[in-house]
Amino acid sequence: MIRLERVGLQYGAGATAGPDVLRDVSFVIPPGGFRWLQGPSGAGKSSLMRLLHLAIRPRSGKLTVLGTDIGAASRATLPPLRRRIGMVFQDFRLLMHLTAFDNVALPLRIEGRPEGQIRADVTEILRWVGLADKAGSRPAEMSGGEQQRVAIARAVVGRPSLLLADEPTGNLDDVQAVRLMRLLAELNRLGTTVVVATHNDALVARHPGPSLRLESGRLVADG
Amino acid sequence: MAERTARRLRPRGMDDLGLRRALGDRMLPVLVAAMSFLAALALAGAVAAASLAAHWQEGAASSVTVQIPRPEISLPRRADGGEETRLEAVQRILRTSADVASARVLTTRELSDLLRPWLGVAADNASLPLPAVVEVHLAQGADADLLNLALADVAPGTLTESHGLWVGRLSVLAQSLQACGWLALLLVAAIAAAVVMVATRAGLAARREAIEIVHGLGATDGDIAGRFARRVTRLTFTGGLVGALAAVPVLAALIQMAAPFMSGQEASVWSTDPLAVLAIGRPIWIALPAMPVVAGAIGFLTAQGTVRRWLRKLP
């Protein structure tokens, strides 16, 4: 479950503190829920995604992710929590010196899963995103769309409880975009909480669902 | 087919963070090798100074030289009215005194040897009135001044020369050298830690993005610091091993040259038995294999500390 109560965020601290990126944002996403996160560029979508990914902590208010109060949690409690969250970044954030296979295997290896299981799971998910024959390729040898599919495979391979996706269809053709949305729906149906940030209104129109809308760091619509 | 592909893709010694390139296998081991070589020399210096100091104190502190001018002149013996020479009188006292552990009269030949540096070959057949010289080893806790009084009483003009003052000065010198050796060792260790810290920070800066990605995927500080520490430990251990091996021939040569001073025997510099070299340098030969281990430990601890401190910047 995700719960935000009057969450505020600004980068920097003290004299170097920047303007408020998020102000008094409050909403609840129940376990297994789905939300679009919409809003124009600079509205604070990516900052909210980073908060939910535990890459930053809120400056004010109370943030609860997967049942843990993030503001009050110790540093040591965060890594196990992060392993339950899958994230697809807008810029993919793949490790360039690793093959597609090793990039996708990364979360499982961090978790310490047995290598045999890793091989099976990674091979399966790469086949699903249509990259079975690219397993040995490095990101530099792949197209933007292929890299994005690797990033997606890495986010879902560990069957996360919460899946966050920041513009996940940006580099995908229509066929791949539809496949991805079907995958997200399927994961959601199996109980994964899913949040997808996008400014692609057509995508939202094609796959209607409850939506959060941000404008200038404030939540202006929920539902 | 897919099975075989996957197996091929699983690399041995997985390098998620790309540390093999970020922490190269040249610079750090070479620097650590140089420092471990220096550390071996400093250690050898400290050990040598310590054993020299111990040797001098043991040997020379209790040793006293007694000079008896005109030893052949006869004196009436007080106890029974008989006669004895001045040398015999002194020897009688030395034999009976509880303060004396052993006494030995130097032969004429030994005296000539002592004088030769000053008089040349003339020393061998000079008809100089030489004093008799007795080398005395005192018993523990004996007082050289009391002995001097007793000897001057039976043979006036007898001089007792204690080496205590010189031994004291030499000991202070040796102890200072020893302290310098330990200080140099500490300094080398501190510089090694600083070099490892700089290298680790450079590695952190080079792999910052990869670290943030792995951190975001749920890797703990211990996971990430452990990967850096493993790499750095391997590199510093290798460096320490190379430095220690390079120091072996140099130390062996130094010990061989120092052997005559340490053993107190007149040995030709290069004829020393290899077993004796091993025996004299024992503390050094024991410490040398520890060099790579210590280098590895410094690398491990410094890398762990540096990476963990750096990771505190991330939430």
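This is a short tour of a predicted model, stop by stop.

**Before you start**

Residues count from 1 along each chain as its sequence is written, and chains are lettered from A, with ligands numbered from 1, in the order in which they are written. Because this is a predicted model, local features need pLDDT of at least 70 and side-chain atom pairs count only at pLDDT 80 or more, while totals for chains, interfaces and linings use all residues.

**Stop 1: colour chain A by confidence**

Chain A has a mean of 92. In chain A, 100% of the residues reach 70 or more. Helix α2 (residues 78-82) of chain A has the highest confidence in the chain, at 96. Helix α6 (residues 174-189) of chain A has the lowest, at a mean of 87. Helices (H or I, at least four residues) and strands (E, at least two) are DSSP runs, numbered from the N terminus.

**Stop 2**

Select strand β3 (residues 34-38) of chain A. Of its 5 residues, 4 are buried, so β3(A) is largely enclosed by the rest of the structure. Buried means 20 or more other C-beta atoms within 10 Å of the residue's own; exposed means 12 or fewer, partly exposed lies in between, and C-beta atoms are placed from the backbone.

Two strands pair if DSSP finds at least two bridges between them. Strand β8 (residues 193-197) of chain A runs parallel to β3(A), joined by 4 bridges. Look for A:Phe34 and its bridge partner A:Val194. Strand β9 (residues 211-215) of chain A is also parallel to β3(A), with 3 bridges. There A:Leu37 stands opposite A:Leu212, and A:Gln38 faces A:Arg213.

Zoom out to the whole sheet. It is open, has 6 strands in the order β6-β7-β8-β3-β9-β10 (chain A), and its pairing is mixed. At the edges stand β6 (85-88) and β10 (218-222) of chain A; each has a single partner strand, so one side of each is left without a neighbour in the sheet. Neighbouring strands here are turned by 20° against each other on average, direction ignored.

Show α6(A) again. This helix lies across β3, β7 (162-166) and β8 of chain A. It runs at about 150° to β8(A). Such angles run from 0 to 180 degrees between N-to-C directions, with axes fitted to C-alpha atoms, for helices over the stretch in contact.

**Stop 3: the four-stranded sheet of chain A**

Select β2, β1, β4 and β5 of chain A. In that order, these 4 strands form an open, antiparallel sheet. The edge strands are β2 (20-29) and β5 (68-69) of chain A, each pairing on one side only. Inside, β1 (residues 2-10) and β4 (residues 60-65) of chain A pair over 5 bridges. A:Gly8 has A:Ser60 as its bridge partner.

**Stop 4: a strand in chain B**

Move to strand β1 (residues 63-68) of chain B. Its covered face holds B:Val64, B:Val66 and B:Ile68. The uncovered face holds B:Ser63, B:Thr65 and B:Gln67. Antiparallel to β1(B) runs β5 (residues 132-138) of chain B, over 6 bridges; B:Ser63 partners B:His137. Strand β6 (residues 159-162) of chain B is also antiparallel to β1(B), with 4 bridges. B:Thr65 stands opposite B:Glu161.

**Stop 5: where the chains meet**

Show both chains. In chain A, 27 residues are in contact with 18 residues of chain B. Contact means C-beta atoms, placed from the backbone, within 7 Å. On the chain A side, α2, α3 (100-111) and α4 (115-128) each supply at least two residues. Helix α3(A) gives the most, with 6 residues.

Notes. pLDDT = per-residue confidence, 0-100. Contact = placed C-beta atoms within 7 Å.
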